[in-house]
Amino acid sequence: MRITFVKKINLDGSFCKKCADVQQKMDAAGQNDMIDEVLIADERDPSSPGVELASLYNVERAPFFLVEREGEAPEIYTVYFKFVKEVLNQQTKEEDELKEILNDNPDLDFL
Amino acid sequence: MAENLLSTVDIDQQLSTQTPQEILAYALKTFDNIVISFSGAEDVVLVDMAYKIAPEKVQVFSLDTGRLHAETYRFIEKVRKHYNIKIDVVFPDTAAVNKLVREKGLFSFYEDDHKECCSIRKIGPLRRKLLTVDAWITGQRRDQSPGTRAAIPVIQDDKAFARPGESLTKFNPLANWSSQQVWDYIRANDVPYNELHDSGFISIGCEPCTRPTSPGQHEREGRWWWEEATLKECGLHDVNIKT
């Protein structure tokens with residue numbers, strides 16, 4: 001299995017808020033060793049590797065994880081806690097997962 | 001079981017110029033295990049359209065947060081009887097609601113924000129429901145929330161709610177329609193509607209978090225009016241357009 005972590009840099013050169021938050025969680029949980037490659041999607045550079053990867057897989061949200069397993073179709077995870085539970089097989093709190101989903105999909109509260 | 005979708009982006013380009021009925025027809029033809037999300041508001045047009053396209057395939061669910069208006073409960077029941085369909089009313093996890101209310105009371109959303117309550121009362125049961133299907137249909141429109149989602153596609157690969165290792169397809173047949181077009185359809189087709197609309201409610205959600213709006217106000221102003229609208233998601237869309 002190969003895991004690629006894509007983080008976004010904003011036009012002002014800072015990391016996007018959620019990218020920084022996810023990175024902080026990964027640091028605290030010691031998950032960085034499980035990531036094979038980190039790519040940057042730089043809003044100032046449309047040809048940056050992260051932007052190209054996002055275009056290739058039609059991903060519209062950062063950060064995201066690309067999970068490649070031999071003989072299987074690549075999988076994209078845009079929800080960090082879903083990635084942690086399903087790929088890293090680590091425990092997550094449901095309330096954290098649900099909050100992340102709603103934060104990433106603000107229109108869901110219209111349902 | 002659904003056909004494999006090679007590229008939702010390519011299909012979106014084809015469907016985006018089609019009518020809601022054509023998009024619905026495609027969705028119902030492509031997927032067997034597909035549900036319509038019905039909020040008890042003007043998204044009833046989806047139920048009406050789907051019923052006219054393929055009545056035998058109409059599967060509907062509603063999220064009962066426990067805080068809806070009495071009028072909305074009556075309307076859900078009216079729709080069930082009007083179309084003679086089953087509506088799967090799904091509920092939040094009792095223990096999670098109990099914990100929230102015990103620790104923060106019944107109106108914590110006025111002091112914090114609505115997200116914690118919404119995640120427990122809506123997102124949790126929504127996820128449980130969506131784990132059982134291959135595709136779902138919503139009444140989301142671009143004009144509902146231009147600040148947060150100016151370009152809702154008519155079809156998308158729903159990565160947030162997909163079962164592990166599988167895909168979930170989300171259809172938004174009304175994405176390109178305006179509120180006016182929805183109401184023109186309701187009136188032209190004698191579609192039943194929630195009586196709250198006659199009292200000035202445009203957007204209808206939970207009772208404590210919904211209020212009527214004045215003429216000229218955007219419908220979003222009728223929801224969570226005590227909060228400042230903020231852009232929470234971290235989109236890559238603009239960058240993708242440029243590449």
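## Two chains in contact

Two residues are in contact if their C-beta atoms, placed from the backbone, lie within 7 Å. With that in hand, look at where the chains meet: 35 residues of chain A are in contact with 34 residues of chain B. This is a predicted model, in which local features need pLDDT of at least 70 and side-chain atom pairs count only at pLDDT 80 or more, while totals for chains, interfaces and linings use all residues. Residues are numbered from 1 along each chain as its sequence is written, and chains are lettered from A and ligands numbered from 1 in the order in which they are written.

Which elements of chain A supply at least two residues each to the side that touches chain B? They are helix H1 (17-29), helix H2 (49-56), strand E4 (75-77) and helix H4 (94-104). These labels follow DSSP runs, numbered from the N terminus: helices are H or I runs of at least four residues, and strands are E runs of at least two. H4(A) gives the most to this side of chain A, with 7 residues. Sorted by class, this side of chain A has 18 nonpolar, 5 polar and 12 charged residues. Here Ala, Val, Leu, Ile, Met, Phe, Trp, Tyr, Cys and Pro count as nonpolar, Asp, Glu, Lys and Arg as charged, and the others, Gly among them, as polar.

## A closer look at H4 of chain A

A residue is buried if 20 or more other C-beta atoms lie within 10 Å of its own, exposed if 12 or fewer, and partly exposed in between, again with C-beta atoms placed from the backbone. In H4(A), the buried residues are A:Glu97, A:Leu98, A:Glu100, A:Ile101 and A:Leu102. What do they pack against? Their partners are H3 of chain A together with helix H6 (115-130) of chain B.

## Strands and loops of chain A

Strands of a sheet pair through backbone hydrogen bonds, either parallel or antiparallel. Two strands count as paired if DSSP finds at least two bridges between them. Strand E1 (residues 2-9) of chain A pairs with E3(A) in the antiparallel sense over 5 bridges, and A:Phe5 stands opposite A:Phe65 in E3(A). E1(A) is also joined to strand E2 (residues 37-42) of chain A by 6 bridges, and these two run parallel. There, A:Val6 has A:Leu39 in E2(A) as its bridge partner.

The loop between H2 and strand E3 (64-68) of chain A holds A:Pro63. The peptide bond from A:Ala62 to A:Pro63 is cis, with omega near 0 degrees. A:Asn58 is found in the loop between H2 and E3 of chain A, and has a positive phi of about 55 degrees although it is not a glycine. A:Asn89 also has a positive phi of about 55 degrees without being a glycine; its place is in the loop between helix H3 (80-86) and H4 of chain A. Why does A:Asn89 count as exposed? Because A:Asn89 has 7 C-beta neighbours inside 10 Å. A:Asn58 is partly exposed, with 16 other C-beta atoms within 10 Å.

## The layout of chain B

Chain B has 8 helices and 6 strands. From the N terminus on, its elements run α-α-β-α-β-α-β-α-α-β-β-β-α-α. Of the 243 residues of chain B, 38% count as buried.

Strand E2 (residues 60-63) of chain B and E3(B) run parallel, joined by 4 bridges; B:Val60 stands opposite B:Ile87 in E3(B).

## Two helices that cross in chain B

Helix H2 (residues 20-30) and helix H3 (residues 44-53) of chain B pack at an angle of about 60 degrees, with their axes 10 Å apart. Axes are lines fitted to C-alpha atoms, for helices over the stretch in contact, and angles run from 0 to 180 degrees between N-to-C directions. H2(B) and H3(B) are therefore oblique to each other, since angles under 35 degrees count as roughly parallel, over 145 as roughly antiparallel, 65 to 115 as roughly perpendicular and the rest as oblique.

The contact is made by B:Pro20, B:Gln21, B:Leu24, B:Ala25 and B:Leu28 of H2(B) and B:Met49, B:Ala50 and B:Ile53 of H3(B). These residues divide into 7 nonpolar, 1 polar and no charged.
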